[in-house]
Amino acid sequence: MSTPRCRFAPSPTGYLHVGSAQSALFNWLFARGSGGEFVLRIEDTDAERNRPELTDNILDMLRWLGIDWDGEIVHQSDRLDRHLAAVEKLEAAGAVYWCDCTRDEIDARNKARKDGRTGYDRHCRDRGLEKAPGSALRFRVPDGKTSWPDKVRGEVTFENINVDDFVVSRSTGAPLFVLANTVDDAETGINHVIRGEDHVNNTAKYLLLWQALGFGEVPTFAHLPLLVNEQRKKLSKRRDPVSVADFKAEGYLPEAMRNYLALLGWGPKDDIEIRPIEEIVAMFRIEDVSSSPAFFDVKKLLHINGEYIRALTREDFIARASEFVPDTPEAKALLEDLAPLVQERIKRLDEVDSYLSFLWVDVPELDEAAWTKAIKDERAHKVLDHVQTLLADADWTPEGVEAAVRGAGEAAGFINPEGQVQLSKAQAPVRIAVTGQRIGLPLWEGITALGRERTLARLAAARERASA
RNA sequence: GCCCCCAUGGUGUAGCGGUUAGCACGCGAGCCUUUCACGCUUGUAGCACGGGUUCGAUUCCCGUUGGGGGUACCA
């Protein structure tokens with residue numbers, strides 16, 4: 001058999017979303033794992049809906065995910081002459097006929113028949129119409145049935161009587177999706193069509209067209225399961241947060257996203273889910289892909305992302321995280337200084353800011369509820385008093401800060417029955433006073449990084465607020 | 001309505017006639033601990049239902065139910 005050759009054929013009518021990304025990924029995995037080729041074709045024949053900048057987005061996101069393609073990108077609009085030639089060929093062969101029915105007329109006839117059928121009723125099939133303004137060209141679906149051995153769904157069969165005489169070319173002369181899609185695949189040597197389940201119906205038409213155009217050996221098909229939302233509906237750009245660019249902006253790592261996407265509808269036999277893409281390429285088999293829809297679970301994506309973040313080298317983490325902190329020397333320096341402490345805590349790069357921002361803003365955002373709760377205890381006031389004194393001339397190191405907080409806690413009476421300082425309780429008011437938050441980085445390191453002057457100022461301000 | 005497809009815990013999957021039905025996320029408990037997170041231990045929960053086939057069905061077949069996709073002179 002010839003070299004496997006598959007393609008990802010997005011239409012630039014929206015930003016790349018995770019469903020398309022998965023489709024691209026599975027094509028890519030298949031190609032890379034089989035020594036085949038993976039090509040890109042931009043299906044931009046719908047001039048009214050296409051926006052060039054969306055093509056850029058699609059390409060950018062594929063690159064971001066590490067999905068590379070072979071050869072030149074095909075723009076479907078450049079191939080109009082080929083599509084037109086195919087249409088002529090169909091006409092010459094008598095495989096198509098002119099139809100001047102309007103949608104309203106078709107609907108009216110269907111409704112009048114009362115048999116529940118809604119497709120095209122073949123009204124013009126034998127009228128022998130000539131080309132005329134307003135007429136479209138329909139494919140004359142032959143008798144019989146059309147079937148193919150789908151790599152993921154097994155044998156799929158359509159009785160041709162259930163396949164509408166679909167429009168091949170609009171009244172404007174512009175060819176339609178199935179025609180362009182089929183012709184392009186045939187003429188660019190695509191022999192593996194791996195696409196979403198939403199295309200199974202098109203495949204019957206594709207095959208009929210392929211045959212009518214005499215393209216020879218048909219491609220192998222694999223229809224991937226759709227990605228669905230919690231309502232079990234196909235992911236929609238309109239109602240679901242699915243833009244790959246958005247995930248990137250939220251600080252998801254491309255490796256994590258791509259690993260997670262590979263796990264939807266497919267799973268490694270050895271139960272090891274998080275692994276290098278090279279291993280996934282080696283293990284992936286298109287026939288192992290599940291045929292039932294998969295829920296896109298952000299919670300699991302988040303977990304995987306956290307794993308990938310923690311696995312980053314310190315340098316790599318700093319490099320990636322720096323895009324999520326203010327572009328100032330101070331912020332960059334602080335990130336570099338505290339990177340390991342942040343890295344083990346976050347699951348998305350954009351969380352970096354919430355851990356470090358108290359270090360570079362003048363007044364950190366205050367968690368009112370946590371504050372109120374913390375200062376309910378009289379001893380908290382004392383801690384704030386003592387810690388200021390102790391911190392004033394403490395060693396400005398994490399150890400020195402810890403000693404100060406410990407001492408303040410002891411002096412304030414945060415002592416357990418065994419006589420031990422209750423550090424957990426003693427640090428709470430200090431943490432909120434300094435960072436504004438109940439949770440965050442290890443305090444000693446955080447305070448050390450903040451500096452003595454600012455720490456004392458915040459402590460004093462908090463003490464004042466506590467008495468007010 | 002019609003056509004096509006799907007069905008293992010809440011979620012994603014492993015299983016491909018005989019298993020204590022595995023793993024992961026989530027959720028619960030505990031440990032660790034200066035908060036949080038990580039990590040570790042542990043608990044929770046599943047083969048949709050009904051018929052067959054078979055010595056034996058989660059696994060094969062049929063039906064039911066449930067779910068999804070398609071049904072454009074969009075792609």
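Welcome to this structure, where helices α1 and α8 are roughly perpendicular to each other. The model is predicted.

**Where α1 meets α8**

- Helix α1 covers residues 18-34 and helix α8 covers residues 254-262; their axes come within 10 Å and cross at roughly 80 degrees.
- An angle of 65 to 115 degrees counts as roughly perpendicular, and that is therefore how α1 and α8 are described.
- On the α1 side, the contact is made by V18, A21, Q22, L25, F26 and L29.
- These residues meet M257, R258, L261 and A262 in α8.
- Sorted by class, the contact of α1 with α8 has 8 nonpolar, 1 polar and 1 charged residues.

**A look at C99**

- You will find C99 in strand β4, which runs over residues 96-99.
- C99 is buried, because its relative accessible area of 3% falls under 20%.
- Beyond residues up to four places away in sequence, C99 touches Y120, C124, L129, G134, S135, A136 and R138.

**A look at C101**

- C101 sits in the loop between β4 and α4 (103-113).
- With a relative accessible area of 13%, C101 is buried.
- Leaving aside neighbours within four places in sequence, C101 is in contact with I106, R109, Y120, H123 and C124.

Terms used:
Residues numbered from 1 in each chain as written. Chains lettered and ligands numbered in written order. Predicted model: local features only at pLDDT ≥ 70, side-chain atom pairs only at ≥ 80, totals over all residues. Heavy atoms only, no water. Helix = DSSP H or I, 4+ residues; strand = E, 2+ residues; numbered from the N terminus. Buried < 20%, exposed > 50% of the residue type's maximum accessible area, 1.4 Å probe, protein only. Contact = heavy atoms within 4.5 Å. Axes fitted to C-alpha atoms, helices over the stretch in contact; angles between N-to-C directions. Parallel < 35°, antiparallel > 145°, perpendicular 65-115°, else oblique. Nonpolar A, V, L, I, M, F, W, Y, C, P; charged D, E, K, R; others polar.
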